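Hello,

Here is the structure we talked about passing on. Please have a look at it, then read the notes below.

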Amino acid sequence: MQQIINFVLRNKTFLVFLLLFGLSLFFTIQSHSYHKSKFINSSNVVTGTAYKTANGIGKYFSLGKENKALLEENRMLKSIVHNMDMDTLRLDYIDSVRLDSHFKFRTADVYKNSYSQTANYLTINKGEKDHIKIDHGVITSQGIVGIIENTSQNFSSVLSILNTRSRINAQLKKTNHIGSLVWNTESAEFAQLIDISKFAPVAIGDTIITGGQSTIFPKGILIGTINSFKIDTGGDTYIVNVKLFNDMTNIGHVYVIENLQASEIRSLQKPKDD
Amino acid sequence: MTKLTLNMTARFVVLVLVQVLIFNHIDFMGYINPYVYVLFVLLYPANNNRTLFIFLAFLLGLCVDVFSDSGGVHAAACLTIAYIRPVFLKFSFGTVYDYQSIKFDQIDFGNKLTYFSALVFIHHLIMFSLEIFNISKIILILEKTLFSGIFTILLCLIITILFSPKRK
């Protein structure tokens, strides 16, 4: 017994090192698996407040650009509204319970954004208090950004599409061929669409949108255009390089989408998966 | 002693904040960021309690990890360089130095450069390996280590020169 105690005392630095190293490896491995990074994430009070203060100083420098983006979005929405058939428009206002109004949009400010690592996250200024929950979608007026990964009272962290763990259901705009949007870490401008069937009419310049299969995003949110494509080594599917509409390096304001029917759809799909 | 503790606490907090609020967002050429917070580990007094030191290094890395959502990669890298630091102190400053009493503001530029480079490159290699976590991307790991490492070493040297106490 005496010897064991002596051994521990003599090697205490090494033992502390081993213990802490094991702990950090545990955190690292946990952060590589989906929805497991519970302890170490930037949606807590301390980091949220620090980023909030820094953002409060920094946001004035990009006001001009933000205004321009808002103006552009307004122009687009106005052109949709005024080109719509007046009857459908009026019907929407009279009938208070619209059939397709099961997506709820909320706005949020981005406090922190990263795009140079292989696992990128954003931190936004809305949390559980604003009814934001895990697995809500995040978009901007130009295209998709990511999915809510962790929430606290006042802040949430967002799994960016520029993350090797991100996998988003997407499809070609002109046909219904679906695939998965992933990221190969090479450039913040491009993401990759994989598992597109080789029968799909893929052409450079075509638009990629979100597919209707996920319960997170509504169908038809813009993602990007096809920049180049090649056949997978297996020979059955295309790997498509997608140029994102969103400039992921410059994101100020985002919309968080809640699908009010998500749980219903999931409970319907569950028995099939088992 | 209390002055030293206060000094170290201030350095810890300032380096973490500067790292996460400024240096994490430089993204030079798209992906090159300096990791200046390792200065805390590099310049920690050599004659102090070693167990406390490696624990502080772990805590430093973990703080940066929490801010940048990276799991435990900074913590692991910081912890390792803190643990193996005595070897590199001996290697860079020679056995003629009694490495228990090095004053970091009174050492040669050449020695400082070797010491900084060795530890910074080890730190970056461990950090990027764990972050990318994929042996088939070894080229990307080495590339990031090299470029970010050079950036970090340059900034560390500049900061130590700027903030060193006046000699004359």
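**Chain A**

In chain A, buried residues account for 33% of the 274 residues. Please keep in mind that this is a predicted model. Chain A contains 6 helices and 12 strands. Take its contacts between residues at least 6 apart in sequence: 58% of them join residues at least 24 apart.

One residue to look up is A:F105. It sits in strand β1 of chain A, which covers residues 103–113. A:F105 counts as exposed because it has 11 other C-beta atoms within 10 Å, and the cut-off for exposed is 12 or fewer. Leaving out residues up to four places away in sequence, A:F105 touches A:Y255 and A:I257. A:G58 lies 47 residues from A:F105 along the chain, and their C-alpha atoms are separated by 26 Å.

**Nonpolar cores**

The largest nonpolar core has 48 residues. Within it, A:V145, A:V158 and A:V254 touch the most other members. A second, separate core has 41 residues, and B:L39, B:F40, B:A75 and B:I132 are among them.

Not counting residues up to four places away in sequence, its contacts include A:Y121, A:L122, A:I124 and A:V138. A:V158 also touches A:V145, A:G146, A:I147, A:I148 and A:E149.

Start with α1(B), residues 2–21, and α3(B), residues 50–68. Their axes come within 10 Å and cross at roughly 30 degrees. Angles under 35 degrees count as roughly parallel, so α1(B) is roughly parallel to α3(B). The crossing is right-handed. From α1(B), the residues in the contact are B:F12, B:V16, B:Q19 and B:V20. They meet B:L60, B:C63, B:V64, B:F67 and B:S68 in α3(B). By class, this contact of α1(B) with α3(B) holds 7 nonpolar residues, 2 polar ones and no charged ones.

Now turn to α3(B) and α4(B). Here the axes come within 7 Å and cross at roughly 155 degrees. Angles over 145 degrees count as roughly antiparallel, so α3(B) is roughly antiparallel to α4(B). This crossing is right-handed. On the α3(B) side, the residues include B:F53, B:I54, B:A57 and B:F58. On the α4(B) side, they include B:V73, B:H74, B:A75 and B:A77. The contact of α3(B) with α4(B) divides into 14 nonpolar, 2 polar and 1 charged residues.

**A loop residue in chain B**

B:H25 is in the loop between α1 and α2 of chain B, with α2 covering residues 39–42. B:A46 is 21 residues from B:H25 in sequence, and the two are 31 Å apart in space, C-alpha to C-alpha.

**Where the chains meet**

How many residues of chain B are in contact with chain A? There are 29, and they contact 29 residues of chain A. On the chain B side, the elements that give two or more residues are α1, α3, α4 (73–93) and α5 (109–132). Of these, α3(B) gives the most, with 9 residues. The chain B side that touches chain A divides into 16 nonpolar, 8 polar and 5 charged residues.

Best wishes

Methods. Residues numbered from 1 in each chain as written. Chains lettered and ligands numbered in written order. Predicted model: local features only at pLDDT ≥ 70, side-chain atom pairs only at ≥ 80, totals over all residues. Axes fitted to C-alpha atoms, helices over the stretch in contact; angles between N-to-C directions. Helix = DSSP H or I, 4+ residues; strand = E, 2+ residues; numbered from the N terminus. Parallel < 35°, antiparallel > 145°, perpendicular 65-115°, else oblique. Left-handed = near helix turned anticlockwise from the far one by under 90°. Contact = placed C-beta atoms within 7 Å. Nonpolar A, V, L, I, M, F, W, Y, C, P; charged D, E, K, R; others polar. Core = buried A, V, L, I, M, F, W, Y, C linked by C-beta atoms within 7 Å. Buried ≥ 20, exposed ≤ 12 C-beta atoms within 10 Å, placed from the backbone.
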